[in-house]
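Please read this note alongside the sequence and the model, taking the points in order.

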Amino acid sequence: MSTRKLNAEQKYNKWIIILSIIIPLAVAALFTVKLKVEPLTFLPPIYATINGITAFVLLVAVWAIKNKKRQLHENLMKFAISLSVIFLVMYVAYHMTSDSAKFGGEGAIRSIYFFILITHIALSIVVIPFVLITYVRAITNNIQRHKKIARITFPLWLYVAVTGVIVYLMISPYYV
């Protein structure tokens, strides 16, 4: 690997670390803030749909790169990142204006729901640095290292996107 590519990557490392820490902490902190405004209760189906679109975009992006459609892949990945940012803004806005829905299922379905929810939340935190590192390796044209980490990032991100939809579908009957 060339020193130039490594140095280009290293310039971003501080930002990757900062964002990987600040984003989850900010989201957690904002959960404690309740704005005295009209609750944004219309947002959950919208941001669940965004998660579903993100999953689809990720799948098409992998298809594109496997078919040597690099520009399409790049555009789709930028779109997937944009969708994730939009999701995050809506998710935080909902939780800052509305009480969280409580899952009302019982028995085995309750255990399944909480397993999916907990793994979704944990991996949504874990995937942040992976997405950022994968993106930086692409924009610095460090394609070999990009491919290597993308093999880890893709299934993590896909899992988070798909389970976001599943969590919504499971809890949607309990929204007030």
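1. The model is a predicted one, in which local features need pLDDT of at least 70 and side-chain atom pairs count only at pLDDT 80 or more, while totals for chains, interfaces and linings use all residues. Residues are numbered from 1 along each chain as its sequence is written, and side-chain values use heavy atoms, with hydrogens and water left out.

2. Glu74 has a salt-bridge partner in Lys78, with 3.0 Å between the closest N and O atoms; a salt bridge is taken here as a side-chain nitrogen of Lys or Arg within 4 Å of a carboxyl oxygen of Asp or Glu. Because Glu74 and Lys78 are four residues apart in helix 3 (residues 70-97), about one helical turn separates them. Helices are DSSP runs (H or I, at least four residues), numbered from the N terminus. Lys78 is also partly exposed, at 36% relative accessibility.

3. The count of salt bridges comes to three, and another of them pairs Arg137 with Glu9, whose closest N and O atoms are 3.3 Å apart. Arg137 belongs to helix 4 (residues 108-139) and Glu9 to helix 1 (residues 3-30), so this pair ties together parts that are 128 residues apart in sequence. Arg137 counts as buried at 14% relative accessibility, and Glu9 counts as buried at 6%.

4. Glu9 also meets Arg145 in a salt bridge, at 2.9 Å from N to O. This pair links distant parts of the chain, with Glu9 in helix 1 and Arg145 in helix 5 (residues 143-171), 136 residues apart. Arg145 is partly exposed, with a relative accessible area of 25%.

5. Turning to open space, the largest pocket has a volume of about 1,200 Å³. Of the 43 residues in its lining, Phe87, Leu88, Tyr91, His120 and Ser124 are the closest to the centre. On a 1 Å grid over the protein atoms alone, a pocket is an open set of points where a 1.4 Å probe fits, with protein on both sides within 12 Å along at least five of seven lines, and lining residues have an atom within 4 Å of a point. Grid points are joined across faces, edges and corners, and a volume is the space filled by probe spheres set on the points.

6. Helix 4 gives the largest share of the lining of the largest pocket, 13 residues. By class, this lining has 33 nonpolar, eight polar and two charged residues, where Ala, Val, Leu, Ile, Met, Phe, Trp, Tyr, Cys and Pro count as nonpolar, Asp, Glu, Lys and Arg as charged, and the others, Gly among them, as polar.

7. The second largest pocket holds about 760 Å³ of space and is lined by 24 residues, with Ile65, His73, Met77, His146 and Ala150 nearest its centre. Helix 5 supplies the largest share of this lining, eight residues. The lining of the second largest pocket divides into 14 nonpolar, four polar and six charged residues.

Methods:
Helix = DSSP H or I, 4+ residues; strand = E, 2+ residues; numbered from the N terminus. Buried < 20%, exposed > 50% of the residue type's maximum accessible area, 1.4 Å probe, protein only.
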